Amino acid sequence: MAVVDTPSRKAGWSLLNIVVIVYALVPVLWITSLSFKTTETVTDGNFVPRVWTLDNYGGIFATSEFTRALINSIGIALIATTLAVVIGTMAAYAIARLSFPGKKVLVGVSLLIAMFPQISLVSPLFEIERAIGLFDTWPGLILPYITFSLPLAIYTLSAFFREIPWELEKAAKMDGATPAQAFRSVIVPLAAPGVVTSAILVFIFCWNDFLFAISLTSTEASRTVPAAIANFTGSSQFEEPTGSIAAAAVVITIPIILFVLFFQRRIVAGLTSGAVKG
Amino acid sequence: MTATEAPQRSADRPAPDTGARRRSEGARAERRLAAMLCAPAVIVMVAVTAYPIGYAVWLSLLRYDLRFPDEKQFVGLGNYAAVLTDQYWWSAFLVTMAITVISVAIELALGLALALIMHRTIFGRGTVRTVVLIPYGIVTVAAAFSWQYAWTPDTGYLANLLPEGTAPLTEQLPALAIVVLAEVWKTTPFMAPLLLAGLALVPDDLLKAAQVDGAGPWQRLTRIILPMMKPAILVALLFRTLDAFRVFDNIYVLTRGNNGTGSVSILGYNNLFGAFNLGIGSAISILIFISVALIAFLFIKLFGAAAPGSDVGAAEGRR
């Protein structure tokens, strides 16, 4: 509907855009503001800190409770993402390019897992992991993370792989490229965006998890940041840990903001790649 | 959760010409390769879901209290009878259904509005699309703490707008409203791209023609845009409903499930890690599993939402 852009239409749209932006950002700005407040002013209810301080950040980075959790979060999320993307790429390639019996079943099963209520797995996994010694270890969290992010990886990747013009590989070979060269210089660059996209989505999922993190860990050995934050206590029993929690929440939000800023298009493409062509 | 749209354009589409004619050898080699490529994914998914869910069924038939491990005993469906005749289960179930229905309904309306804004806005489209991804990506627990402090008397900028002496998070209905608010804020950005993708399928020409024929904006929305978006809407609804039904993180942080705000997931968690009752906890887990399966079944049968693995754009999602 190409309607002429009148100034009033422009004003209307900018107002709507601003509403959307405020809606999305206010909770993030609020927790950031809390993280910069001093202990004395944290309960003043002001949206903008009256007195700014970095003490909360200094405080959390001085305790192993937080730094260990941060290392756990980063390590577990990175390993789970790498494995899920590698395994997912293999399966997605098969789904997009090969014909084999059981393909529909595989697609259906991974969809079912995507809808699976995680709480249903908590009690058996808790028992099984305690029995085989995986409870409160990195692999104990990595395994369920891989499982629940595989559907995500498989769907995103197979959607991307379907769009790759695979004939180019053949063309490159005809022009004298070796299979390895054809793969490296033709297929890899074409597939890379899809792989990066699914890696980001999987990382966000693993980074986000809370239920498994509080159920399958019990110590600093494997507790991730979301679980650690929920366990934060104030430095004395009379003190609420508000500032520390806010600072820790901001720290784990930073990677998400960076992803969104640098890979915005990739993420949107991942979210909608298939829907458009339905 | 998280979300992805994939085009099951046709899961069973014949493979690209390559192997079609050289039947036996080529096809067999292709199957072998496919089996090898899919094996790791299948093994992990089965080992971490199918086997434990079977084990959960077994646990749910036992009297198994971690504080008294020696009194482990087979009790048949006793745990289920205990849960289903208990008012805690039914109130948690009711709370979960209420949160699910209300938040998904609001998300649909808001997501549609957001999709229309992102689709039609004449400038700043990139900025808007970038910014709305932040709620989608942010760690639920971090966002939940932001909401919690916002509504805590004295500390919060929102609580201070309320009359003196009210603590919304300590009363059932206000607390549930805040849970819904936190859920809606977080997951509408998941809804919007899915709906936006459906919106892109509506041809502009059709809308223009309708406009020429005298259809107003509202008529164009309800008579043309929404019917054409139906498949996209159903897929988004199905995924968000199942996702909302397992609501846990927000409630855990906001109220811990106190004052009648606990969802079924919270009830299951509390039985496992508060009461250390693996038998009852597992029975609750299985009942949640059955509820989710029923919801998915109803969606697919009643509304004709795209069945898993079928041709229509199959969405995949999570917060």
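**A guided tour of chains A and B**

Select A91(A) to begin: leaving aside residues up to four places away in sequence, A91(A) touches I154(A), L37(B), C38(B) and A41(B). The model on display is a predicted one.

**The contact between the chains**

Now colour the two chains separately and turn to the contact between them, which takes 99 residues from chain A and 103 residues from chain B. Which helix gives the most to the side of chain B that touches chain A? Select residues 23-60 of chain B: this is helix α1, and it gives 19 residues. Over that whole side of chain B, the residues divide into 67 nonpolar, 23 polar and 13 charged.

**A helix pair across the chains**

Display helix α5 of chain A (residues 119-132) together with helix α10 of chain B (residues 264-274). Their axes come within 9 Å and cross at roughly 15°. An angle under 35 degrees counts as roughly parallel, and α5(A) and α10(B) are therefore roughly parallel to each other. The crossing of α5(A) and α10(B) is right-handed. To view the contact itself, show I119(A), V122(A), S123(A) and F126(A) from α5(A), and S265(B), G268(B), Y269(B) and L272(B) from α10(B). The residues of this contact divide into 5 nonpolar, 3 polar and no charged.

**A helix pair within chain B**

On α3(B), the contact is made by Y88(B), W89(B), A92(B), F93(B) and T96(B); on α10(B), by V264(B), I266(B) and L267(B). Here the residues divide into 7 nonpolar, 1 polar and no charged.

Finally, select R256(B), which is found in the loop between α9 (249-254) and α10 of chain B. Most residues other than glycine have a negative phi. The phi of R256(B), however, is positive, near 60°. N259(B) lies in the loop between α9 and α10 of chain B, and this residue, not a glycine, has a positive phi of about 55°. Are these residues buried, partly exposed or exposed? R256(B) counts as partly exposed, because it has 15 C-beta neighbours inside 10 Å. N259(B), with 15 C-beta neighbours inside 10 Å, also counts as partly exposed.

Terms used
Residues are numbered from 1 along each chain as its sequence is written. Chains are lettered from A and ligands numbered from 1 in the order in which they are written. This is a predicted model: local features need pLDDT of at least 70, side-chain atom pairs count only at pLDDT 80 or more; totals for chains, interfaces and linings use all residues. Two residues are in contact if their C-beta atoms, placed from the backbone, lie within 7 Å. Helices (H or I, at least four residues) and strands (E, at least two) are DSSP runs, numbered from the N terminus. Ala, Val, Leu, Ile, Met, Phe, Trp, Tyr, Cys and Pro count as nonpolar, Asp, Glu, Lys and Arg as charged, and the others, Gly among them, as polar. Axes are lines fitted to C-alpha atoms, for helices over the stretch in contact, and angles run from 0 to 180 degrees between N-to-C directions. Angles under 35 degrees count as roughly parallel, over 145 as roughly antiparallel, 65 to 115 as roughly perpendicular and the rest as oblique. A crossing is left-handed if the near helix is turned anticlockwise from the far one by less than a right angle, and right-handed if clockwise. A residue is buried if 20 or more other C-beta atoms lie within 10 Å of its own, exposed if 12 or fewer, and partly exposed in between; C-beta atoms are placed from the backbone.
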